[in-house]
Amino acid sequence: MIGSLTMKTNLISPSWAIKLYVCSAIGLASASLSSFNYRTATLLKNRPPGKFRLTNPTPDNGRILQSGDYSTIDGFTCFRDLQGMTDAMFDLEKNYPDLVSVSDIGDSYLKSIGDSDGHDIFVMKITASTSSDPAQVFFTAGHHAREYAPPELLMRLAEHIVEGYGQDADITWILDTTQINIVVHANPDGRAIAEIEPDLSWRKNVNPGDGTCPEDSIGTDLNRNYEWMWGDTSGASDDPCDETYFGTGPASEPEVQAVIAYAKTLFPEGQRKEDPLAEINEPYGEEITGVYMDIHSSGGLTYYPWGYADIVSPDNDSLEALGRKLSYFNGYVLWAGGQPDFLYAATGDASDYMYAYLGVASLGLEIGDAFYEDCDNFETKVYPDNLNSLMYVIKLAAKPNALAKGPDIFSLAVTEGDREITVSAEASDSELVNIGGYPSFTTGEQTVTKVELYLDTLPDDYGDGDVMYSLQPTPVSGSDRVFVETQISTSGLSSGRHALYAVATDSDGYVGPISSVFFDVENVVTSSPIEPTAMPSTFTPVTTTAATTTFTTTTTVTVQLETTPPSNKPSVAIITNEPTILETSSAPSNKPSTAPVTAEPTSAAPVSVSASPSPPPSLSSTFTTTPNATSVVTEEDSSAVTSVNATLSPSVTATQTVGTGFLSSAPTPSQIISTQPSSSVSEIESATPSQIPENITSSEVSTDASEKSQENAAAVNTYHIALSIVFFLFNYQ
């Protein structure tokens with residue numbers, strides 16, 4: 001059509017109708033580009049010209065996030081429109097100022113040419129990390145204006161994350177270590193048209209170019225405008241009127257420039273290649289950090305490099321493993337070089353660019369079944385399935401290429417017992433990666449060799465004085481999973497909430513992502529001190545974590561811990577596996593002072609004992625140590641359970657019971673308290689502190705559990721003094 005076209009609008013006043021001026025050689029060749037003013041802001045229902053500006057969100061007036069308080073697209077109550085999305089974004093910042101900040105990272109096309117109704121492009125940064133160098137995840141949506149669901153998916157992801165911080169263990173450690181960056185609308189000018197005029201099926205931005213195209217086909221496809229393989233017509237078009245028009249040059253569009261510039265601030269410059277094209281066959285390797293994901297619709301596809309041609313990338317083992325694991329959650333088909341469902345080439349797209357030029361793990365999703373997704377399908381299928389996928393990829397942000405190859409934790413659960421918790425978990429190296437419809441993959445062919453549990457310490461922060469349980473798994477019949485279970489005493493823990501972190505390692509040495517759970521300990525004051533026991537407790541089941549690793553919910557388990565009033569008797573701590581003694585200073589510490597069995601025992605320095613009386617017990621927030629304490633070790637002779645009693649300190653009681661076959665290889669005898677009977681025990685039990693030789697070793701101290709029941713009342717005080725001394729043979733170096 002030549003000349004001007006008056007678009008139908010849903011605005012109240014017909015005077016707000018928008019005229020799209022088309023420059024053509026016949027009719028309006030003399031028209032200047034400055035007259036090509038879409039005034040996209042006026043396309044929003046019930047808003048006068050110029051009123052809609054991303055820099056001016058409307059007052060919230062008590063709006064509730066994820067509610068009907070936000071304006072939505074006509075006919076799609078599940079999708080917030082541009083105004084509703086902007087309001088929600090700034091509400092999130094206002095309601096969670098310690099977690100969320102919103103920044104302007106650039107301009108839309110209209111704003112870049114000085115149009116008063118152009119748009120800012122905003123990013124939400126979500127993190128609780130105080131680190132100057134947190135792991136980075138960058139999500140974008142809305143490159144293609146007509147795709148209604150992707151921006152809503154990312155906004156709901158943001159709301160889910162901030163609302164779960166401090167409540168969900170996984171979300172909490174993620175935000176403590178990671179920055180999540182979200183651009184919900186990379187093409188706001190085009191989105192304004194797509195929301196009001198869905199019949200136009202608007203895809204591109206609104207750059208009119210030379211004005212030769214019909215008014216309904218102007219613009220540049222932003223996801224063909226990135227530099228990598230830009231201009232290759234095998235995956236884009238050089239026709240300005242085509243839906244996949246790649247623009248006048250690489251990154252010619254201000255929206256693309258904004259995304260690239262921001263991405264370069266996130267990901268380390270040191271991991272980039274000097275000449276990506278010349279080094280196209282060189283892998284980035286397993287030490288890279290950072291993840292980029294671009295969300296589109298539709299088709300139910302998970303994609304990753306390469307997308308410009310049907311060839312695999314040099315990092316395909318990692319990227320395909322990650323893509324397969326995302327598809328485990330959403331059931332999507334893999335679309336990438338080397339896959340049977342490589343649908344078509346896409347040159348100049350964002351995902352290939354981020355991998356090729358910035359060296360990050362880069363992926364994308366084509367979610368749902370339609371550009372204008374049905375709300376019922378979005379709410380019941382698209383959103384929940386892809387939320388789990390997005391949460392999983394966030395977990396891998398620190399080292400995605402390495403973590404994607406490791407095994408995954410399933411069914412991490414904590415169950416309450418008598419002054420202890422039972423922790424159980426399943427793990428698999430293959431279940432997430434060997435998905436239906438595809439052959440088994442190389443990264444899923446290993447066995448899980450161990451599962452490690454970290455108490456109140458993230459695995460990457462584990463060090464001297466921290467507590468870690470390394471468990472050897474057993475196969476689950478009829479499954480690719482393995483199983484571990486162990487008991488951990490809560491008697492040595494402070495009241496309140498604690499965190500347990502689990503990771504699995506495979507036979508190639510790859511460690512998978514962290515899964516975690518919160519549990520609570522409650523202190524109940526009793527009238528008598530806690531006495532030692534060598535027998536496992538009877539456990540009373542309580543609600544546990546979800547049975548699969550959806551990574552979206554965590555159950556907090558409350559455990560009651562008995563404590564005693566001040567007393568001159570030491571409390572007795574019970575450790576029923578064989579702990580490795582980590583080398584620490586002799587000064588009191590606010591961290592636990594022992595770590596149970598690891599697969600590679602560490603050496604222990606010589607220890608000494610002070611026989612002076614121990615102070616009365618006190619409540620401590622963590623394991624503590626006191627130089628003046630003694631201990632004694634007993635063993636219950638059982639083929640099913642090994643229990644070792646040892647005093648950690650006068651103020652702490654901790655319990656660990658491990659079923660036979662769940663522990664990995666034990667430390668050398670010099671590192672642990674012996675569990676073999678010794679004739680020297682009776683001498684120690686009857687001796688006063690001054691009579692115990694200073695050079696006695698922990699391996700010389702043990703007894704059978706049945707001997708303790710024969711102690712007479714006169715020996716009780718002496719027995720407790722001996723308990724404290726021997727512990728420090730075990731714990732101090």
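**Helices, sheet and loops**

Modeller: Start with a pair of helices: helix 7 and helix 9 cross in a right-handed way. Keep in mind that this is a predicted model.

Biologist: How do helix 7 and helix 9 run relative to each other, roughly parallel or roughly antiparallel?

Modeller: Helix 7 covers residues 316-330 and helix 9 covers residues 375-395. Their axes lie 7 Å apart, at an angle of about 150°. Angles over 145 degrees count as roughly antiparallel. Helix 7 and helix 9 are therefore roughly antiparallel.

Biologist: Which residues of helix 9 meet helix 7?

Modeller: Helix 7 brings Leu-322, Lys-325, Leu-326, Phe-329 and Asn-330 to the contact. By class, the contact of helix 7 with helix 9 has 5 nonpolar, 4 polar and 2 charged residues. From helix 9 come Asp-385, Asn-386, Asn-388, Ser-389, Tyr-392 and Val-393.

Biologist: What is the strand order in the open sheet of 8 strands?

Modeller: The pairing in this sheet is mixed. Strand 5 (100-107) and strand 11 (333-335) stand at the edges. Each has a single partner strand, so one side of each lacks a neighbour in the sheet. The order is 5-6-8-7-9-12-10-11.

Biologist: What is the average twist from one strand to the next?

Modeller: Take the 8 strands of the open sheet in their order. From one strand to the next, the twist averages 20°.

Biologist: In strand 12, which residue is the bridge partner of Tyr-303?

Modeller: Strand 10 (residues 301-303) and strand 12 (residues 361-366) run antiparallel. They are joined by 3 bridges. In strand 12, Tyr-303 has as its bridge partner Gly-364.

Biologist: Which strands does helix 1 touch?

Modeller: Helix 1 spans residues 82-95 and packs on the sheet. Its direction makes about 140° with that of strand 5. The strands touched are strand 5 and strand 6 (120-126).

Biologist: At what angle does helix 6 run to strand 7?

Modeller: Helix 6 (residues 254-266) lies across strand 5, strand 6, strand 7 (135-141) and strand 8 (178-183). Relative to strand 7, helix 6 runs at about 170°.

Biologist: Is helix 6 oblique or roughly parallel to helix 8?

Modeller: The axes of helix 6 and helix 8 (residues 350-358) come within 12 Å. They cross at roughly 40°. Angles under 35 degrees would count as roughly parallel. That makes helix 6, relative to helix 8, oblique.

Biologist: How many nonpolar residues are in the contact of helix 6 with helix 8?

Modeller: Helix 6 passes helix 8 in a right-handed crossing. Val-259, Ile-260, Ala-263 and Lys-264 of helix 6 make the contact with Tyr-353, Met-354 and Leu-358 of helix 8. By class, there is 1 charged residue, there are no polar ones, and the nonpolar residues number 6.

Biologist: Which peptide bond is cis with omega near 0°?

Modeller: Most peptide bonds are trans. Ser-298 lies in the loop between strand 9 (291-296) and strand 10. Trp-306 sits in the loop between strand 10 and helix 7, and the cis bond with omega near 0° is Pro-305 to Trp-306.

Biologist: Is Asp-456 buried or partly exposed?

Modeller: Asp-456 lies in the loop between strand 15 (448-455) and strand 16 (467-471). Its phi is positive, about 60°, although Asp-456 is not a glycine. Buried means under 20% relative accessible area. At 37%, Asp-456 counts as partly exposed.

Biologist: Leu-458 lies in the loop between strand 15 and strand 16. What is its relative accessible area?

Modeller: Leu-458 touches residues that include Trp-173, Thr-177, Tyr-501 and Ile-514. Its C-alpha atom is separated by 9.5 Å from that of Ser-516, 58 residues apart along the chain. Leu-458 is buried, with a relative accessible area of 13%.

Biologist: Where is Thr-220 found, and what is its relative accessible area?

Modeller: Thr-220 is found in the loop between helix 5 (188-196) and helix 6. Its contacts include Lys-204, Asn-207, Tyr-245, Phe-246 and Glu-253. Thr-220 is buried, with a relative accessible area of 3%.

Biologist: Of the 733 residues of the protein, what share counts as buried?

Modeller: The protein has 13 helices and 23 strands. Of its contacts with a separation of 6 or more, 76% are between residues 24 or more positions apart. The share of residues that count as buried is 59%.

Key:
Residues numbered from 1 in each chain as written. Predicted model: local features only at pLDDT ≥ 70, side-chain atom pairs only at ≥ 80, totals over all residues. Heavy atoms only, no water. Pairing = 2+ DSSP bridges. Helix = DSSP H or I, 4+ residues; strand = E, 2+ residues; numbered from the N terminus. Axes fitted to C-alpha atoms, helices over the stretch in contact; angles between N-to-C directions. Contact = heavy atoms within 4.5 Å. Parallel < 35°, antiparallel > 145°, perpendicular 65-115°, else oblique. Left-handed = near helix turned anticlockwise from the far one by under 90°. Nonpolar A, V, L, I, M, F, W, Y, C, P; charged D, E, K, R; others polar. Buried < 20%, exposed > 50% of the residue type's maximum accessible area, 1.4 Å probe, protein only. Lists of a residue's contacts leave out its neighbours within four places in sequence.
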